Amino acid sequence: MILSANPSQNEIVNLLSKLKNETPEYPSDLLAARKAAFIEQAVGIQFNGPKQGGKGGGDGGSSSLGGSGGPGALGGMSTAQGFLLQAVVGVWIIAGMLTAAYVFRDQIIDLLQDNGIVVEMTQAPSIDSPAPVMVEPAGESPLPVIPPTGAISSSETPVPETVLEEEVIAEDSSGDPAISENPEDTKDNPGLHLGQTPDAPDTPNEKKPDNPNKPDQPDKPDKKK
Amino acid sequence: MKDESAVLAAASSLDQDALAAIFDEYAPAIYKYLLRLGVSSQEADQTAGDVFARLLDKFAEGKGPRKNLRSYLFQIAYHLVIDESREMRRSTPLEAAESVSEDMAPVQSLAEENMLLEKISMTMERELTDEQKNVLVLRFQEEFSLKETAEIVGKNVNAVKALQNRGINKLREAMSKEFGGNE
């Protein structure tokens, strides 16, 4: 077949159609393996439910020839379910390890000590002093008596009587004559109270000494000049 | 395939015989279609597996096709190839892409006609866009109608016609440059 210098559309279409026969066949071994994987995937979906996500399912199916399920390996389990399952398994493993460590703690300590590892153990503090006991008094305190409403009883507490000041003065003066209310004025006692002591009279023409710690100051110019 | 609707109904309930029948009927065609699009044989095998895995997922979800299974499978294959092509453009350097393109030439023969076929196949790889190449393969090698092709590539019939005409004209120009001077 020789193509013309300026090929028509029909010539191109004919060429394209003939390309169809030139395409190689699907290799039988690959086809059989792919079919087996497809059927296996169908069986898996029947038991586990549909896979989540098209690409994950596709990858899981296509890569099953290589033995790895890829993202679709969890079958029909959703992401949330898978995460929950992983969390439960993780907690279960940790709980098992802690329980085993507690049960075999003596053996573990012995093993560590045999290997030269010093294990410091802190003992729980012992409480020697007993707890304080409340001792109740022998006699029971009487319950307060609440008077009935409306019956106002007078208090038995004696009310101090008002004593006139004149009577007290009279009693004091009669009891101790040395003490008088109004002491006599003397020259030594001008009747001043504490803090009212008169200042000493200024001595005329007497200069007060300068402060020796005061620094020397230059002479100030006389403003009145 | 005898009574496609009955087979589809059985396959939608994950009947193994029905699923096996579908695979036997369409897996070789899907594989060839992928090779015609320029996909390597290894990738074609893997993508064919992905196509049927996705079909299985749809059946398991209670969805999937109720008729025209062939178009449905080719549609899945088309989208997988487009996705893969975009991914390859992002990750493969230009030189590597060129060498892959050389390796993808599906036809190797010594006869003159086969040389022409090899030439047009390589020209398709180099000159046409992915959409043009897909439309030409679906129309003239897989023999889908315009309407079916439009469904597969997700465009309307007029857009498919335009892609088809542009693709053929590009091939004409390239082939006339290649062989026109020898005449």
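Visitor: In this predicted model, is Glu131(B) buried, partly exposed or exposed?
Guide: The model is predicted, and local features are read only where pLDDT is at least 70. Buried means under 20% relative accessible area and exposed means over 50%. Glu131(B) has 30% relative accessibility, so Glu131(B) counts as partly exposed.

Visitor: With which residue does Lys155(B) form a salt bridge, and which element holds that partner?
Guide: Lys155(B), at 32% relative accessibility, also counts as partly exposed. The closest N and O atoms of Lys155(B) and Glu131(B) are 3.1 Å apart, and the two form a salt bridge. Lys155(B) sits in the loop between H8 and helix H9 (157–179) of chain B, and the pair links distant parts of the chain, 24 residues apart. The partner is Glu131(B), and the element that holds Glu131(B) is helix H7 of chain B.

Visitor: Which residues are joined into one network by salt bridges that share partners?
Guide: The side chains of Glu142(B) and Arg36(B) meet in a salt bridge, at 2.4 Å from N to O. Through shared partners, the network joins three names: Arg36(B), Arg70(B) and Glu142(B).

Visitor: How many residues apart in sequence are the parts tied together by Glu142(B) and Arg36(B)?
Guide: Both Glu142(B) and Arg36(B) are buried. They meet in a salt bridge. Glu142(B) lies in the loop between helix H7 (130–141) and helix H8 (146–153) of chain B, while Arg36(B) is in helix H2 of chain B, so the parts tied together are 106 residues apart.

Visitor: What is the distance between the closest N and O atoms of Glu61(B) and Lys63(B)?
Guide: Glu61(B) counts as partly exposed at 37% relative accessibility. Lys63(B) counts as partly exposed at 46%. A salt bridge needs a side-chain nitrogen of Lys or Arg within 4 Å of a carboxyl oxygen of Asp or Glu. Glu61(B) and Lys63(B) form a salt bridge, with a closest N and O distance of 3.8 Å.

Visitor: How many salt bridges does a search of the whole structure find?
Guide: The pair of Lys155(B) and Glu131(B) is a salt bridge, as is the pair of Glu61(B) and Lys63(B). Over all chains, the search finds eight.

Visitor: Which residues is Ile30(B) in contact with, leaving aside neighbours within four places in sequence?
Guide: Apart from neighbours within four places in sequence, the contacts of Ile30(B) are Ala48(B), Val51(B), Phe52(B), Leu73(B), Phe74(B) and Ala77(B).

Visitor: Which helices of chain A each supply at least two residues of the nonpolar patch?
Guide: The patch on the surface is formed by Tyr102(A), Val103(A), Phe104(A), Ile108(A), Leu112(A) and Ile117(A), with about 560 Å² of accessible area together. Val103(A) is found in helix H4 and is exposed, with a relative accessible area of 51%. The helices asked for are H4 (79–103) and H5 (105–114).

Visitor: What share of the residues in chain A is buried?
Guide: Chain A has six helices and zero strands. Its accessible surface comes to about 19,900 Å², of which 58% belongs to carbon and sulfur atoms. Of the 225 residues in chain A, the buried share is 13%.

Technical notes. Residues are numbered from 1 along each chain as its sequence is written. Chains are lettered from A and ligands numbered from 1 in the order in which they are written. This is a predicted model: local features need pLDDT of at least 70, side-chain atom pairs count only at pLDDT 80 or more; totals for chains, interfaces and linings use all residues. Side-chain values use heavy atoms; hydrogens and water are left out. Patches are made of residues with over 30% relative accessible area and no salt bridge: like charges are joined within 9 Å, nonpolar side chains (Val, Leu, Ile, Met, Phe, Trp, Tyr) within 5 Å. Accessible areas come from the Shrake-Rupley method with a 1.4 Å probe; for residues, only the protein chains shown count as cover. Helices (H or I, at least four residues) and strands (E, at least two) are DSSP runs, numbered from the N terminus. Buried means under 20% relative accessible area, exposed over 50%, partly exposed in between (1.4 Å probe, protein chains only). Contact means heavy atoms within 4.5 Å.
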